Amino acid sequence: MLSLGLNAQNQYQVNTSVTNINTQNSATWVPTLTYSSLKSGLRFMVLPAVKGSAYELDFKTKNDGKTLLLKDFAGKIFTYKKWTDISQKNGDIKRRFYFDCDGKEYFLEIYKPDNEEKTVNWKTSSIVWLEEIDAVKKKLEGKTFWLNADEWKYEINGKTAYTNSTERYAKVTVLQVGAGNYSNQPVRVLFRNEKDQKQYFLDGCVSGSLGSCFLSSGRLQDWFSTEAPETKYPKVQKAFWAAIKNRKVKTGMTEEETLLSLGKPNNRESYNKGKDKFVVLNYQPTDPKPYYLSILLKNNKVAGINKSE
């Protein structure tokens, strides 16, 4: 790790503004589903059972003690109807949400939310919100984008494999949008890479509804851009674009150019020495980079690159 110096205003004050990194908020493709925005007719689909997923279905039926198995409902669509609050003997209040599936009534039950503007989270790992997927279909299908995601997926003999160190800002055409395998990554996108003309897919989240996005690495709207990177980031020097797209760092790059190439660091440190300002970006080992990487910037220019096991 490259050394760090500290520059405080006095012995008791620490200037934390030097650690600030300005980031862009994710675009709103789909408004987050809140308890106040739940309305009759919204549709939710049960995901197929996969390794590590729940065995039992989270939905229940009235006056029926039978355990409902996830495998018996895979692909079934539950249409939301209404909710009612039910007082408990201990003074608690539970909220029951009613759904229809194939003409039969089902429900999910949680404690009454303390704020109706909270994001809907029924603590179920087996369903996806279909209106969210429909909105992403409209946004992506049949269109060309510049894709900036850390890994793409494909299949080998029916099993999922991953490509690491994918090209940043690869030009792709989206072929199809549907449901993923997990509720925390509810949307699956199939696309064709313009460079090798092969098809790949990735799973991601969009709105954060139903508890999604907390375990996934990013939102789809952060990965797919309608702007060419050279237009979106006009301050980037033309000489560095090839390195950025191949996830390389070159001496003389700015911090913005370094972040575009390597992504957000695990740790960022800053200090002053005389009239010079230094920044250290530290990256932990990953699959494509099995080593620690520290980047030293002096006055916003890369001055040192250190790799260590």
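Q: In which sense do strand 1 and strand 2 pair, and over how many bridges?
A: In this predicted model, local features need pLDDT of at least 70, side-chain atom pairs count only at pLDDT 80 or more, and totals for chains, interfaces and linings use all residues. Residues are numbered from 1 along each chain as its sequence is written, and side-chain values use heavy atoms, leaving out hydrogens and water. Strands (E, at least two residues) and helices (H or I, at least four) are DSSP runs numbered from the N terminus, and two strands pair if DSSP finds at least two bridges between them. Strand 1 (residues 43–46) and strand 2 (residues 77–87) pair in the antiparallel sense, over three bridges.

Q: Happy to stay with strand 2: which of its residues stands opposite Phe44?
A: Let's look across the pairing of strand 1 with strand 2. The residue in strand 2 that faces Phe44 is Phe78.

Q: Is Arg247 buried or exposed?
A: Arg247 lies in the loop between helix 4 (241–245) and helix 5 (255–262). Buried means under 20% relative accessible area, exposed over 50%, and partly exposed in between (1.4 Å probe, protein chains only). At 15% relative accessibility, Arg247 counts as buried.

Q: With which side chain does the side chain of Arg247 make a polar contact?
A: A polar contact is a pair of N or O atoms within 3.5 Å; within protein, one must be able to donate a hydrogen and the other to accept it, and residues adjacent in sequence count only if both atoms are side-chain atoms. At 3.2 Å, the partner of the Arg247 side chain is that of Asp150.
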